[in-house]
Amino acid sequence: MSGRPSRTSVGILIALSAAHLINDLLQSLLPAVYPMLKQALRLSFWQIGLITLSNQLTASLLQPLVGLYTDARPQPFLLAVGMGVTLGGIVLLAGAHQFAWLIVAAALVGVGSSVFHPESSRIARAASGGRHGLAQSLFQTGGNFGSSLGPLLAAFVVIPYGQGSISWFAAIALVGVIVLWRVGRWYAGSGAAVPAAHAAADHPARTLPRRDVQIALGILVVLVFSKFIYLTSLTSYYTFYLIQKFGVSVQSAQLHLFLFLGAVAAGTFLGGPIGDRVGRKVVIWISILGALPFSLLLPHVNLFWTGVLSAIVGLIMSSAFSAILVYAQELVPGRIGLIAGLFFGVAFGIGGLGAAALGWIADAAGIEFVYRLCAFLPALGLFTAWLPDVRTRPHAQPAMAAD
């Protein structure tokens, strides 16, 4: 036995969600200040895409490696170290006045994220008490809410006070270091910080043939591609789209982005608990293919309906990731860190490559063409039909602990 807590440790889940909020708030500051950086440093859309690429590639390439390593050798205090790296990236971003230094700062913030996601996802599962969907949703909702705060804080803090004001957010990163150090202490003393090979008994046995598992994982990657390329088009270029098509101010565009990301946070929270009750596959079906009618309409409506439809798309599509991640972890029991790192890494990598590609397309064909093109991506949700049903034995509803 691994000694995994049998009760849902609500306090730890809330702490992880708060740390995820801080991590993703700091991550989201980068795209939120793109309009300011583009004007101040005379950057092209292609260069904007490269900044996103450097941020998300460092995260995507390192996350599976971090997950694989910590599956074998859990590191309870690695989370605090990763937040410290993010802190360094934020301080550098505040003083970067050359494109090369922006690339380095973005990469450092990505490294911090690559350390954070695999191990924090493992701790969330350890603290879930069996409520895996709820734990992942609560954990990821903190991140999405943090992402939604980034544009809001950029609009009211960074835009009025300039690039140097980004350094003020180092204090928030320091709070994150302290929270994650305390979470690490709980993890080290909980009995859950054991190698994956010893914890495999706590996972449902895999009943699918290896080839079926590989095919299912490939389909999940396609679905992640659909979700994150579309969401990247909104998080990286939505403000430019609104400014160019409707002539709104930078602050107004940031508020629209905040509303969209707030809808993403709400959808993320709903996806996990619903998946616990009705099944992950049902949630995956609805969350990706269900966004298609709204994404097709979005490029052809006025400003008001653009805001409404983008929020609807964000709400629906964001419910998928918790379900996808838990579904994948059930496919490959005993590899929680590796699967979390792989799927967070794939998500970030696809987002980074997508940002660079969409930036090139925007330079060549216009920002409005990007949204007409991306509108068809949710149709890839049809691949969900080939996912096998993954069923685990029902278990008694676990108790709630307020650690």
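Me: Where do the charges sit on average, and how far apart are the mean positions of the positive and negative ones?
Reply: Lys and Arg count as positive, Asp and Glu as negative; His and the chain ends are not counted. The place of a charge is NZ of Lys, CZ of Arg, CG of Asp or CD of Glu. In this protein the 22 positive and 11 negative charges have mean positions 1 Å apart.

Me: What kind of model is this, and how are residues numbered?
Reply: The model is predicted: local features need pLDDT of at least 70, side-chain atom pairs count only at pLDDT 80 or more, and totals for chains, interfaces and linings use all residues. Residues are numbered from 1 along each chain as its sequence is written, and side-chain values use heavy atoms, with hydrogens and water left out.

Me: How many helices and strands are there?
Reply: Both are DSSP runs, numbered from the N terminus: helices are H or I with at least four residues, strands are E with at least two. The protein has 16 helices and two strands. Its radius of gyration is 20 Å, close to the 22 Å from the globule rule for 403 residues, so the protein is as compact as a globular protein of that length. That radius is taken over C-alpha atoms, and the rule is 2.2 Å times the number of residues to the power 0.38. Along the principal axes, the C-alpha atoms fill a box of roughly 60 × 45 × 35 Å.

Me: What share of the residues is buried?
Reply: Buried means under 20% relative accessible area, exposed over 50%, partly exposed in between (1.4 Å probe, protein chains only). Here 57% of the 403 residues are buried. The accessible surface comes to about 15,600 Å², and 68% of it belongs to carbon and sulfur atoms. Areas come from the Shrake-Rupley method with a 1.4 Å probe; for residues, only the protein chains shown count as cover.

Me: Which residues have the most contacts inside the largest nonpolar core?
Reply: A nonpolar core is a set of buried Ala, Val, Leu, Ile, Met, Phe, Trp, Tyr and Cys residues joined through side-chain atoms within 4.5 Å. The largest one has 105 residues, and Leu26, Leu220, Val224, Tyr237 and Phe343 have the most contacts inside it. Helix H9 (residues 210-246) gives this core its largest share, 17 residues.

Me: What does Val224 touch beyond its neighbours within four places in sequence?
Reply: Contact means heavy atoms within 4.5 Å. Val224 is in contact with Phe321, Ile324, Phe343, Val346, Ala347 and Ile350. For the protein, take contacts with a separation of 6 or more: 86% join residues 24 or more positions apart.

Me: Is Gly349 buried or exposed?
Reply: Gly349 counts as buried because its relative accessibility is 7%. Helix H15 (residues 336-365) holds Gly349. Beyond residues up to four places away, Gly349 touches Gln56, Leu57 and Ser60.

Me: Where is Ala375, and what does it contact?
Reply: Ala375 is in the loop between helix H16 (367-374) and strand S2 (400-401). Ala375 is buried, at 2% relative accessibility. Apart from neighbours within four places, its contacts are Tyr230, Leu292, Ser295, Leu296 and Pro299. Ala375 and Leu296 are 79 residues apart in sequence, yet 4.9 Å apart in space, C-alpha to C-alpha.

Me: What is the phi of Arg42?
Reply: Phi is near 55°, a positive value in a residue other than glycine. Arg42 lies in the loop between helix H2 (34-41) and helix H3 (45-72). Arg42 is exposed, with a relative accessible area of 76%.
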